[in-house]
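Here is a short briefing to read alongside the model. Have a look at the fold, then join us below.

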Amino acid sequence: MPTSFHDRHIEEFRANGGKPTGPFEGRDLLLLTTTAAESGTPRTTLLGYVRREGSLAVVGAGTGTPNHPGWYHDLLAHPVVSVEVGTQSYQALAVPDPDAHGEELLDHAVPAAPGAGAHQPPAVRVPLVVVLEPADPDRWEGRPREVRTLADKVMEVHTWLRGQLRQVRAETEAHFAARAAHQGPGEPPAPGLGLQIRQRCLAFCQALEFHHTSEDEHLFPGIARYHADLGATFDRLRDEHRTVARIQGDLAALLAGIGIADAPRFRAELNSMSAELNAHLDYEEQTIVPLLADVPWPPAPPAGVEGGAAAAQ
């Protein structure tokens with residue numbers, strides 16, 4: 001049962017096909033589900049949004065102090081979020097926009113409860129604007145058109161990882177190129193890198209860690225049961241996972257703040273990550289992926305589960 005003002009309106013939002021009701025009727029609202037920064041549990045928040053150049057930007061009322069709402073701190077720690085707008089739902093990359101300071105955006109913010117913020121001094125109320133970019137890899141070259149086998153699924157993940165890594169590198173190189181090309185009056189781009197690069201790189205690192213952990217704990221042991229002769233191959237792949245993880249740890253340390261202060265070191269670590277990861281993915285695709293071409297995806301449910309008995313016959 002709903003336990004708060006927001007819980008009630010979240011439930012009504014979903015029940016009404018994404019149409020706000022009550023005091024929010026007629027407003028542009030969506031549901032943002034983040035991963036809690038400390039506990040790792042999902043947190044869903046009702047937020048106002050504005051459309052911005054093909055993306056959505058959610059708007060919340062901040063305080064101008066470190067005590068910003070929990071959902072904002074969540075997405076700084078876990079940039080991949082879930083979005084529900086109308087009857088659509090999708091995953092997105094969340095990138096805060098620190099330059100959005102227009103007071104008029106506060107009209108789109110959703111209060112924590114009726115009257116919340118009414119007595120807060122206007123001078124310390126600032127809009128928290130976060131741009132939500134779709135995280136779907138459809139546009140990336142190499143993605144399988146259909147995912148019918150486990151080999152297709154692995155290639156889909158590899159394509160996503162390569163695409164994210166290419167995009168982070170492209171944005172990083174564009175930053176350095178802009179600094180090198182700067183002439184005339186005015187300051188060149190700041191030596192630190194922006195939130196866009198930080199969020200994308202952090203999302204990539206977290207997805208990569210999950211992928212490699214899943215392979216080490218599930219995929220490789222499952223294949224090894226049928227291919228005992230590949231022990232040396234799995235040892236090499238696990239060693240490569242550890243090498244990539246060490247570089248990933250260095251990158252994550254550089255992402256600890258809101259920006260990336262040591263941009264040259266970040267660039268060097270990113271180039272090292274790119275070389276190691278691409279060589280690793282190439283080797284895995286040569287040695288392991290062909291063995292998965294006859295394994296259906298998604299897997300059939302086990303016998304006894306609905307639909308499983310027929311599949312087992």
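**Overall picture**

In this predicted model, 41% of the protein's 313 residues count as buried (under 20% relative accessible area with a 1.4 Å probe, protein chains only). Residues are numbered from 1 along each chain as its sequence is written. Local features need pLDDT of at least 70, side-chain atom pairs count only at pLDDT 80 or more, totals for chains, interfaces and linings use all residues, and side-chain values use heavy atoms, with hydrogens and water left out.

**Fold**

- The protein has seven helices and six strands (DSSP runs numbered from the N terminus: H or I of at least four residues for helices, E of at least two for strands).
- Along the sequence, the pattern reads α-β-β-β-α-β-β-β-α-α-α-α-α.

**Cores**

- Phe 204, Phe 266 and Met 273 touch the most other members of the largest nonpolar core, which has 24 residues (buried Ala, Val, Leu, Ile, Met, Phe, Trp, Tyr and Cys joined through side-chain atoms within 4.5 Å).
- At least two residues of this core come from each of helix 3 (150-181), helix 4 (195-224), helix 5 (231-254) and helix 6 (263-287).
- Another core, of 18 residues, lies apart from it and includes Leu 32, Val 58, Ala 92 and Val 130.

**Helix 5 and helix 6**

- The axes of helix 5 and helix 6 come within 10 Å and cross at roughly 160° (lines fitted to C-alpha atoms over the stretch in contact, with angles from 0 to 180 degrees between N-to-C directions).
- That angle makes helix 5 roughly antiparallel to helix 6 (over 145 degrees).

Key:
Buried < 20%, exposed > 50% of the residue type's maximum accessible area, 1.4 Å probe, protein only. Parallel < 35°, antiparallel > 145°, perpendicular 65-115°, else oblique.
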